[in-house]
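Please look over the sequence and structure shown here before turning to the briefing, which is grouped by topic.

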Amino acid sequence: MLKCRTVWKKLAPLARASSTVCRQNIRRAGLNNGRIPASVPAAHMSTGPGGGGSQNHLYVLLVGAACVGGGLYAYQTVKEDNQRYLDRIAEIESRKFRTATKQAATPIQPEAPALKPAETEAVPGPEPEPEPQAAPSPEESSPPATETEVAAPSETTELPPAEEPVVEASPEEAAEQPAAPVVEDELPPPSELPPAEITEPPPASVEESEPAAAAEIPAAEPPEPQPEVVAESAPGVDSAPASLKVPSHAPYLLIGGGTASFAAARSIRARDPGAKVLIVTDEPDLPYMRPPLSKELWFSDDPIVTETLRFKQWNGKERSIYFQPPSFYINAEELESTENGGVAVLSGKKVVHMDVRGNKVKLDDNTEISYDKCLIATGGVPRNLQVIERAGDEVMKRTTLFRKIEDFKSLDKVSRNVKSITIIGGGFLGSELACALGRRSNESGLEVIQMYPEKGNMGKVLPEYLSNWTTEKVKKEGVKIISEALVKSVTSKDDKLEIKLKDGRLVKTDHIVAAVGLEPNVDLAKSAGLEVDSDFGGFRVNAELQARSNIWVAGDAACFYDIRLGRRRVEHHDHAVVSGRLAGENMTGANKPYWHQSMFWSDLGPDVGYEAIGIVDSSLPTVGVFAKATAKDTPKAATEKSGTGIRSESETEDVATSPTASSTPIPTMVQHKDDYGKGVIFYLRDKVVVGIILWNVFNRMPVARKIIKDGEEHADLNEVAKLFNIHED
């Protein structure tokens, strides 16, 4: 646009001049014709060869010459202006090079032989000036470091000719130009200028770091893999992470590094094989599954399980908690230049601001990333009790809010060094951790206490009779249960934490685990102008999980509308998998509504487990049908059959078809027996089944899903229970 305006300013005077010349020629011709008596009527001047034909030819020649001259002048002027512009940019660039050279040339050149063994590169560059190693300074104001190899040399390896002094380097340049400087042992291409021995300005204490070795670091450390973006930092260089080049644009930007985000990434790549996906997470780890943190990892016999993060599933098979090894991902710095796309993870970075109109986000280091389509999968943060938050730093230091890998490692270490741990909360997480630590207490003498305001374990989910039975099961694992406990205050006294209950009871312990629920992370709602549901929390989304035309939400942070059960927000692994997968499909144009009824499961050790779907609330009327359990009715047997410990990975792939009912006669409904080996619990609302728990009944979730989807009234739930074949051996 600027060039067009410049050309017009140059051509406008020429056009006006040409018009003036034409008018003058016409007047002159008219005067000449007036002086000479005309023998031919004036009307014949424009219709025949006679009467002033030579004047017409002269007029045409003058106009043509004026046009050609004007065009040549305009072309020459634009060309000269462009050349002056390029020369000016080159001069500005050379100033930066000269400034950097003046600062570095004096100390570097005399010491070149001494520094060469520590860090010397054969970098192709122009012979007259050794600017390439001072290159980081034009792009970054921080002192040069080894990490500047990533991007800076591409712009400064040689003084740019007339075509390359542009300040902004394209992604292609950044990918192609560093080829020779980055790989230290690689000889420069013959097409480049003769190499010159150039020494690095950084301090000699920086160790030599070969990119080839740096790329192998993540693969060599499977226990705690880091994305290549972080692994390239040189040991001992604190400023290295700041110099990493963050992609300025991501076609698909996924905020959050949990299950939903990873499921979306795989779904996007499945539908768009060339897609470039960037995952931004504030955790230092690659995407991983959370359920084993409170289940299988605690039952591992490996003494270094906190380092390997590998566990044996109930079926005996071993796997890592990470969804994929580091080799699955590409370097975030290479995302923009990668021809076939890929999935990159930017770890240890938090998105703090979202500009919906500008389609960009800002990170906690003020870096901005633009996007075409964005997924918010920020999950949630563990809740804490206000009495603990007000108790002071000493109490907070000895309290664990269990959510991440760091929390698992920390609690594992604490459990081996203290005499007493108290778990506050009787839900899924609290009961799982109580069973896990209780089994460990039998070996180490650790006292494990679980307290909650309900009458029994899982009191908000299970009917009272089953909650009481579960409580007895947890006690057998070595856990001391304190029910109907409302915490009044927590204090630190005599190297102990004193928990005072509202009924006057006092509990002394060494450490507290607060498992009292999850708060959806909606920090971006304010800056993005997204709606937060006032009843359930989380970002309100439509049936396609959209919050805006190019913004989707999945996982714990999504509040969606269930066509059968109304608006809901679900905090379980299966929902994260399915909602993430659907969001990824819709980001690539599928436009599918969310109709899936997600399930969740919990295991109280390898012998007792249950799976649930729909609304499971103990305040609803329930009907339970139970049968005698066999050896195959355990979580361990279920995983042996399915081949996976994360049961939803296989369950969600099944299709809810019309099941075949068992022909075995079933006894009368049982609700108050001492042993509940296996069974089905139906939750009713207006005589319609809205929730189902399969107690030690596995691989039947598609049947339960279909019952809820149908939304029909059932006169006899004994007949419905036949569909689950619970009475077959």
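At 49% relative accessibility, Glu318 is partly exposed, a class lying between buried (under 20% relative accessible area) and exposed (over 50%), computed with a 1.4 Å probe and protein chains only. The side chain of Glu318 meets that of Arg310 in a salt bridge, 3.2 Å from N to O, a term that stands for a side-chain nitrogen of Lys or Arg within 4 Å of a carboxyl oxygen of Asp or Glu. The model is predicted, with local features needing pLDDT of at least 70 and side-chain atom pairs counting only at pLDDT 80 or more, while totals for chains, interfaces and linings use all residues. Residues are numbered from 1 along each chain as its sequence is written, and side-chain values use heavy atoms, with hydrogens and water left out.

**Salt bridges**
- By this rule the count comes to 24 salt bridges, and in the one between Arg310 and Glu318 the partner Arg310 is partly exposed at 34% relative accessibility.
- Glu585 and Lys592 also meet in a salt bridge, at 3.1 Å from N to O; Glu585 is buried with a relative accessible area of 16%, whereas Lys592 is partly exposed at 38%.
- Salt bridges that share partners join Glu394, Arg398 and Asp495 into one network.

**A three-stranded sheet**
- The strands (DSSP runs of E with at least two residues, numbered from the N terminus) β16, β17 and β18 form, in that order, an open sheet with antiparallel pairing, where pairing requires at least two DSSP bridges between two strands.
- Its edge strands are β16 (487–493) and β18 (506–509), each of which pairs on one side only.
- Strand β17 (residues 496–501) pairs with β18 over four bridges in the antiparallel sense, and Glu498 stands opposite Lys508 in β18.

- Most residues other than glycine have a negative phi.
- Asn359, in the loop between β8 (351–355) and β9 (360–363), has a positive phi near 55° and is partly exposed at 25%.
- Asn699, in the loop between β30 (688–695) and α22 (701–710), has a positive phi of about 60° and is partly exposed at 27%.
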